[in-house]
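Please read the following walk through a structure with the coordinates open alongside. The paragraphs move from one site to the next.

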There are 2 protein chains.
Amino acid sequence: MDIAVNTMNPETLVADLARNGRRAQTVLARMSDADRADALHAAASALRADEATILEANAGDIAAGEAAGLTGAMLDRLRLDADRLSAIADAVDAVADLTTPVGQMISRDERPNGLVLERVRIPIGLIGIIYESRPNVTADAAALCLKSGNAALLRGGSEAVRSNRAIEASFARGLESAGVPAAAIQLMPTQDRAAVGAMLKAAGLIDMIVPRGGKGLVARVQADARVPVLAHLDGICHTYVHSAADPAKARALAVNAKMRRTGICGAMETLLLDAAFSEASALVGDILDAGCELRGDERAQKLDPRIKPATDEDWDAEYLDAILSVAVVDDIDGALAHIAAHSSGHTDVIITEDVDVAEQFLNEVDSAIVMVNASSQFADGGEFGLGAEIGIATGRLHARGPVALEGLTTYKWLVRGTGQTRP
Amino acid sequence: MDIAVNTMNPETLVADLARNGRRAQTVLARMSDADRADALHAAASALRADEATILEANAGDIAAGEAAGLTGAMLDRLRLDADRLSAIADAVDAVADLTTPVGQMISRDERPNGLVLERVRIPIGLIGIIYESRPNVTADAAALCLKSGNAALLRGGSEAVRSNRAIEASFARGLESAGVPAAAIQLMPTQDRAAVGAMLKAAGLIDMIVPRGGKGLVARVQADARVPVLAHLDGICHTYVHSAADPAKARALAVNAKMRRTGICGAMETLLLDAAFSEASALVGDILDAGCELRGDERAQKLDPRIKPATDEDWDAEYLDAILSVAVVDDIDGALAHIAAHSSGHTDVIITEDVDVAEQFLNEVDSAIVMVNASSQFADGGEFGLGAEIGIATGRLHARGPVALEGLTTYKWLVRGTGQTRP
């Protein structure tokens, strides 16, 4: 099998995989939600039962990664142990128990001529997932796709190839034991990069691609894909502290938005301080004291001698690290103008007790998520009550912000008549 | 201006137009719906007031078209008169009075930590419309975009260039008199085809492209676009007459679905007759008597000597003419298999009095619109109660079937907190 795969041209390989996946998806789409949930529980059980095999495969990846000189952080992302694998299985069980959007009625209308029109949610079809080194994505993404009635074609990072194969094999065995065709969840059987290119071009075969990983991966996928892509490239999230901000809230929120975890896409990257906010020096002091480097414009630098000068690039930087750019703005209009010029459309926040200013900010900031008096680190499917997320999207069509099961569905129109001809 | 435009490179031109349009859109997005409606009424009034100018421009297009040897059908599509212009203005007034989806709340949730999450509909941004010879599209598409808070960049066919410029100038004057920036609706100032190519590549500048025209245009747009496209390529619509169909309904529906208008995308192109349907001969006789050519498989040919043999190509043909392919199938499974193999995902219909079979068909046919006991010619935004349509979409993401104002919106998440930090 591997030999055939390796000699096959990438387009043919992807077309074959896609056809298998699409065929499996039609079976999946006709199953009841309860049956799909049972299949996911069976997959979770299989992951637990196959712990030894999966951890052994992972040990192989770790050994290869060490030999290849991967950094400690990369090895940590790659590493599985009994606890982590158990958490992966638990997450699959949790997705199984989410309420499915499939079958939901979006709208219903009866026309004067008696036609009854309904829009009903259905699965999208075959979802391509392209991801990097975290092997948990294999199970997470598979579970979300399956629960929403979609088939998935997964292509993981080369560092995790042994782990991904073991997880996928176990997962698929669980699904099959519950009557789901194994091809509903397929892992790309080759790490040939040309096969990724073929996935990106497979319009009409793959319905949507979700890249999960760093900016380099997402940028390549967005640049090359002919298939619709659900993703965000940057999370350049702003927090604007308005003159009417509650100082205690502002200080706690700013530290949390930046420092709770600096490496996630919802972390604050630029702080905008209103010139009339009274506790600006104390606020930047809190962030500096928490171990963050600050890079400020001229007015910001006067707030604390530890603030370094910012360059033009800083206003468009996603640091994903303990670094923050900070600018002083004259008022809400100055904040809105800065955000319009530099936001990546992910999550932007205002801190204020002035309801009118808050509503203006909510209306006028054109990002997927706009928040008032909350930490931008809440930009997450779990925190939004979606149960999980396949990713966060900043595109303007289909689904935006944290995307979970609903974003993995589309709809069709059902029209019920009694013999109506069109005049 | 025209000289500068003609010497400008297409990418720069499109980028300039897009920036102007996006700037105008931010003004539009902040206007109230009542103000946007007023602006559209002003545009409709301007079209009426400028009747002489617009008809004169149209006469110029007609004269040029005649000189260029356009067919009678093409000249008819191009031709305006007082009645047709009045109908165009009336349609703009009608769109002005539709209920706007902008600002609608899609969902609302209060999290245990007190965060209040809402998803609210917002305009998409800048919509590109690429169309052929009908000058009414200039006003129709502009009205739908404007009512949903979007800016539009229009690129019409060369045959209609004088008419389109006159309509756009009049429309924009009307908008401006009501406080909308003229750049909210822009007509491409050159017919250079390279500028169309630049529109298709303008990802990040143009948010969505809607092609309006024949299959050649749509195919080119879909093949070349890097911007998301809302469209359908084919309308290969099936009607399956089940064994439990009411014969009188079936005969009336079949004739209507094919012959009411043969040139629209919702016209039936393939008739599937259940082998056990009792009045199959009478039904095909009705269609033949109505002046339609029938091309059948072997079993269908036995129903009437006038039926010609079908070739393999007939099952994938969109005739848009008084021609119909007809096949006899054994049962619902045969019909579903034929549709799965040959449908373009636009509109497929079953005629039956058996509720269970009808529901099976509704569930298992994977098209944008699935109908029971109704004519596929109802596949239309007006007939669906949407008031108008920007087009019919068969893609799987964003919006499907007849797309009107709601399909021209997206959403953002609004999160209102009281100082919540993420644990």
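In this predicted model, the charged end of B:Arg119 sits over the ring of B:Trp413, with 5.2 Å to the ring centre. B:Trp413 also belongs to an aromatic cluster, together with B:Tyr411 and A:Phe384. The cluster therefore has members from chain A and from chain B, since A:Phe384 is grouped with B:Tyr411 and B:Trp413.

In chain A, the charged end of A:Arg119 sits over the ring of A:Tyr411, 5.0 Å from the centre of that ring. Over all chains, the count of aromatic pairs comes to six. One of them brings together A:Tyr411 and A:Trp413: the ring centres are 6.4 Å apart and the planes meet at 80°, so this pair is edge-to-face. An angle over 60 degrees is what that class requires. Both A:Tyr411 and A:Trp413 are buried.

A:Trp413 has a further aromatic partner in B:Phe384, again in an edge-to-face pair, with 4.9 Å from centre to centre and 70° between the planes. Which elements does this pair link? A:Trp413 lies in strand β16 of chain A, residues 409-420, while B:Phe384 lies in the loop between β13 (369-374) and β14 (391-393) of chain B, so the pair joins two chains. A:Trp413 has a relative accessible area of 6% and is therefore buried. B:Phe384 is buried as well, because its relative accessible area is 3%.

The loop between β13 (369-374) and β14 (391-393) of chain A holds A:Gln377. Is A:Gln377 buried or exposed? Its relative accessibility is 0%, so A:Gln377 counts as buried. The side chain of A:Gln377 reaches the backbone oxygen of A:Ala257 at 2.9 Å. Leaving aside residues up to four places away in sequence, A:Gln377 touches a set of residues that includes A:Asn256, A:Ala257, A:Lys258, A:Arg260 and A:Arg261. Also among its contacts are A:Ile264, A:Gly266 and A:Ala267, as well as B:Arg422 from chain B.

B:Asn58 is part of helix α4, residues 51-67 of chain B. With a relative accessibility of 2%, B:Asn58 counts as buried, because the limit is under 20%. What does the side chain of B:Asn58 reach? The side chain of B:Asn58 reaches the backbone oxygen of B:Leu78, at 2.8 Å. B:Leu78 is also one of the residues that B:Asn58 touches, along with B:Arg79, B:Leu80, B:Pro135 and B:Ser163, when residues up to four places away in sequence are not counted. B:Asn58 and B:Ile167 are 109 residues apart along the chain, and 9.6 Å separates their C-alpha atoms.

The cysteines come next. A search of the whole structure finds zero disulfides over all chains. A:Cys145 is in no disulfide, and the nearest cysteine sulfur, that of A:Cys265, is 18 Å away. A:Cys145 has a relative accessible area of 0% and so is buried. B:Cys292 is likewise in no disulfide; for this residue the nearest cysteine sulfur belongs to B:Cys237, 14 Å away. B:Cys292 is buried because its relative accessible area is 4%.

Finally, the domain assignment of chain A gives domain 1, covering 2-230 + 403-414, and domain 2, covering 237-383. The C-alpha centres of domain 1 and domain 2 of chain A lie 35 Å apart.

Methods. Residues numbered from 1 in each chain as written. Chains lettered and ligands numbered in written order. Heavy atoms only, no water. Helix = DSSP H or I, 4+ residues; strand = E, 2+ residues; numbered from the N terminus. Buried < 20%, exposed > 50% of the residue type's maximum accessible area, 1.4 Å probe, protein only. Polar contact = N/O pair within 3.5 Å; in protein donor to acceptor, adjacent residues only side chain to side chain. Contact = heavy atoms within 4.5 Å. Disulfide = S-S within 2.5 Å. Domains from an automatic or database assignment. Phe/Tyr/Trp six-rings, centres within 6.5 Å; stacked < 30°, edge-to-face > 60°. Lys NZ or Arg CZ within 6 Å of the ring centre and 35° of its normal.
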